[in-house]
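Work through each task yourself, then compare your steps with the solution.

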Protein chains: 2
Amino acid sequence: MEKTYLELNPSQRILLGPGPSNCHPRVLKAMATPLVGHLDPDFLDVMNDVMELLREVFQTKNQLTIPMSGTGSAGMETTLVNLLEPGDKAVICINGLFGQRMADIVERCGAEVIKVEGEWGDIIKPEQVESALKGSGAKLVGIVHAETSTGVRQPLEDIAKIAHENGALLLADTVTSLGGLEVKIDEWGVDVAYSGTQKCLSCPPGLSPVTFNEKAREVIRNRKTKVQSWYLDLTMIENYWGQERFYHHTAPITMNYALREALRLIHEEGLQQRFARHQKNSDAFVAGIEAMGLSMLPPKEYRLPSLNAVKIPDGVDDVKVRKMLLDKFNIEIGGGLGVLKGKIWRVGLMGYSSSQRNVMLLLAALETALKAQGYSVKEGAGIAAAAEVYGL
Amino acid sequence: MEKTYLELNPSQRILLGPGPSNCHPRVLKAMATPLVGHLDPDFLDVMNDVMELLREVFQTKNQLTIPMSGTGSAGMETTLVNLLEPGDKAVICINGLFGQRMADIVERCGAEVIKVEGEWGDIIKPEQVESALKGSGAKLVGIVHAETSTGVRQPLEDIAKIAHENGALLLADTVTSLGGLEVKIDEWGVDVAYSGTQKCLSCPPGLSPVTFNEKAREVIRNRKTKVQSWYLDLTMIENYWGQERFYHHTAPITMNYALREALRLIHEEGLQQRFARHQKNSDAFVAGIEAMGLSMLPPKEYRLPSLNAVKIPDGVDDVKVRKMLLDKFNIEIGGGLGVLKGKIWRVGLMGYSSSQRNVMLLLAALETALKAQGYSVKEGAGIAAAAEVYGL
């Protein structure tokens with residue numbers, strides 16, 4: 001018998017994993033807006049708004065601040081393939097999956113990777129970068145500001161200074177920080193950064209905002225070889241997003257509608273209020289987790305409010321807990337990746353998903369799931385601790 | 001004064017350019033569906049449906065038939081970067097912009113391009129391919145089935161035979177044909193093809209369906225070097241879309257919702273009915289154009305029903321006509337590209353945009369715009385000729 005394809009009707013999930021986060025209803029509604037062409041004057045207005053509003057969240061004046069037509073990893077690849085040429089060297093900091101991915105892409109560019117390795121769950125220290133970089137002739141230092149695989153927030157200012165003193169650019173992954181915590185591109189001296197839309201910006205996955213300062217653009221202009229990716233070649237794409245509006249590829253119209261609306265929501269909320277909300281919800285969640293007798297992976301001062309990495313207690317089955325959260329509560333949280341598989345849960349409190357309501361429900365659900373696993377948890381302690389943070 | 005970002009409210013365009021086409025309201029509505037995670041069991045169902053329904057429109061049994069997370073040009077790049085390695089040779093057929101683009105990407109792969117050139121507006125002849133390919137050792141022949149820049153429909157069967165006799169794969173660009181006219185991947189012997197969502201599939205831009213047969217997958221498996229693009233590396237992506245469901249990148253959830261709905265509409269309409277509708281609307285449009293005293297660029301037997309390339313009459317200002325259509329009728333049509341700039345209009349009659357209503361309105365609007373340009377047109381002749389095709 002022929003299969004029948006029914007109307008789309010997925011479960012109504014609360015997305016508290018490493019991304020995507022839930023979208024505000026206004027973002028979903030924006031996507032139902034009928035299309036215009038990718039060279040339509042009305043779309044050029046949308047593009048202008050998106051660029052302006054992206055500069056706000058990146059806290060930058062960089063002219064070349066645009067959404068690439070792919071998800072976050074396409075943004076990572078964009079920065080590397082445009083900056084690097086065969087034979088170049090790059091210092092790549094690896095303390096999680098996304099640092100590994102950067103190193104992989106650098107090699108695919110025909111460039112040499114100088115690895116700076118750190119523990120998964122801790123930061124990279126400036127002096128590590130300095131000793132790897134000094135005299136190496138590396139063109140850039142690549143580092144992850146918000147490591148989605150470990151929940152670590154990496155300070156960037158000192159490392160930016162070191163990079164500049166050694167004639168290198170600083171390239172930062174801000175996929176899980178942009179729009180949820182401070183990302184001060186200009187003030188910190190970050191030369192190039194990329195992000196994704198489906199994390200703290202609370203927009204569906206599909207675009208990758210990138211920003212390049214003039215020094216980085218000069219590096220691209222001085223290339224001796226063509227960028228190896230046609231699709232991600234900024235020497236052409238900057239003319240589509242710039243004054244000329246030259247056709248390159250057909251931009252994902254609807255995704256740009258969504259991103260504009262998500263950025264408009266951030267503009268209305270205000271960056272500082274938004275960061276405070278993310279921090280408060282993370283504080284409440286962590287207080288709840290610790291009151292329940294569990295602990296967090298990263299040291300307190302380097303924790304991301306957007307991605308909360310909880311150590312899985314001994315004897316508790318990772319997959320069973322996550323399956324119960326999904327099946328009984330419609331809540332998605334993430335498991336660990338790589339060396340942290342089975343060792344941590346990754347709880348995203350990002351954008352629209354970062355709310356008091358979600359924190360309280362998750363703590364209640366987690367207590368229930370842990371008890372179902374036979375894990376001894378002091379009843380109600382998590383909820384009470386979180387309530388206290390909220391002043392309830 | 002601070003700029004105010006108002007609610008999105010673009011003009012309500014009738015999209016009759018080279019893409020995007022208009023979306024059916026059900027497709028727009030599908031995009032307002034709340035997100036699930038990219039590894040959610042409910043999303044895995046969506047992925048399965050999308051793969052099955054894509055095989056229907058590609059008329060293939062190819063297991064590896066998936067939407068890449070980028071627009072059509074990302075699909076083009078996907079096929080080339082996965083199949084080619086530095087030092088390989090590829091025969092690329094160039095009779096329009098998209099053949100040029102293929103050649104550009106082949107060079108960026110470090111492979112050698114053997115060009116087969118044809119006139120913009122005509123087909124590539126099998127014997128041209130044969131003489132270029134014979135003894136060359138080329139790994140593939142790249143050719144555009146539906147050249148969006150010229151409106152030419154390229155027959156593929158004979159060229160597939162020639163490719164196979166010479167040990168090469170046939171790679172076809174079906175961006176402007178898939179879902180609007182016959183694309184018989186298996187029957188014609190096309191080994192690899194890519195497409196876009198925003199043309200005859202009538203889905204917003206953002207995904208690029210690709211299909212690879214087993215012979216092509218074997219070529220990828222036998223690579224000696226890594227695929228130069230991490231983001232487009234099928235050796236990893238096939239494990240996300242395959243049984244294993246390994247995380248690679250975060251798929252654009254919403255775009256996949258939209259594609260599923262667009263493919264569901266095609267499934268309901270039926271491929272043959274859909275192709276007949278596209279052909280009928282193109283026939284009516286062309287009859288109208290010719291009755292108005294204008295003519296088409298490609299020879300009759302090689303015209304695409306989806307992309308109708310009309311020669312701009314002498315003395316008529318390309319840009320003024322298109323501006324009048326846009327400003328007074330809210331209709332978008334396309335101008336020429338490359339050597340055809342200012343010489344042709346590109347009228348897309350694709351997917352949901354391919355309707356009797358749109359054809360009649362466009363002919364009326366075009367007559368009005370031509371008269372406003374002082375071009376002598378027999379009043380009402382275009383409309384009458386189209387009406388006759390429709391049996392009105």
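**Exercise 1. Find which residues have the most contacts inside the largest nonpolar core.**

Solution. Keep in mind that this model is predicted. Step one: look up the largest nonpolar core, which has 272 residues. Step two: pick out the residues with the most contacts inside this core, A:Val141 and B:Val141. Step three: list the neighbours of A:Val141, leaving out residues up to four places away in sequence. Among them are A:Val91, A:Val129, A:Leu133 and A:Ile159. As general background, nonpolar side chains in soluble globular proteins tend to be buried together.

**Exercise 2. Work out how H5(B) and H6(B) are oriented to each other.**

Solution. Step one: locate helix H5 (residues 126-133) and helix H6 (residues 157-165), both of chain B. Step two: their axes come within 9 Å and cross at roughly 15°. Step three: angles under 35 degrees count as roughly parallel, and therefore H5(B) and H6(B) are roughly parallel to each other. Step four: see who touches whom. H5(B) contributes B:Pro126, B:Val129, B:Glu130 and B:Leu133, while H6(B) contributes B:Asp158, B:Ile159, B:Ile162 and B:Ala163. Sorted by type, the residues of this contact are six nonpolar, no polar and two charged.

**Exercise 3. Describe the side of chain A that touches chain B.**

Solution. Step one: count the residues in the contact, 58 from chain A and 58 from chain B. Step two: find the element of chain A with the largest share of its side, H10(A), which gives eight residues. Step three: sort the residues on that side of chain A into 24 nonpolar, 20 polar and 14 charged.

Notes: Residues numbered from 1 in each chain as written. Chains lettered and ligands numbered in written order. Predicted model: local features only at pLDDT ≥ 70, side-chain atom pairs only at ≥ 80, totals over all residues. Core = buried A, V, L, I, M, F, W, Y, C linked by C-beta atoms within 7 Å. Buried ≥ 20, exposed ≤ 12 C-beta atoms within 10 Å, placed from the backbone. Contact = placed C-beta atoms within 7 Å. Axes fitted to C-alpha atoms, helices over the stretch in contact; angles between N-to-C directions. Helix = DSSP H or I, 4+ residues; strand = E, 2+ residues; numbered from the N terminus. Parallel < 35°, antiparallel > 145°, perpendicular 65-115°, else oblique. Nonpolar A, V, L, I, M, F, W, Y, C, P; charged D, E, K, R; others polar.
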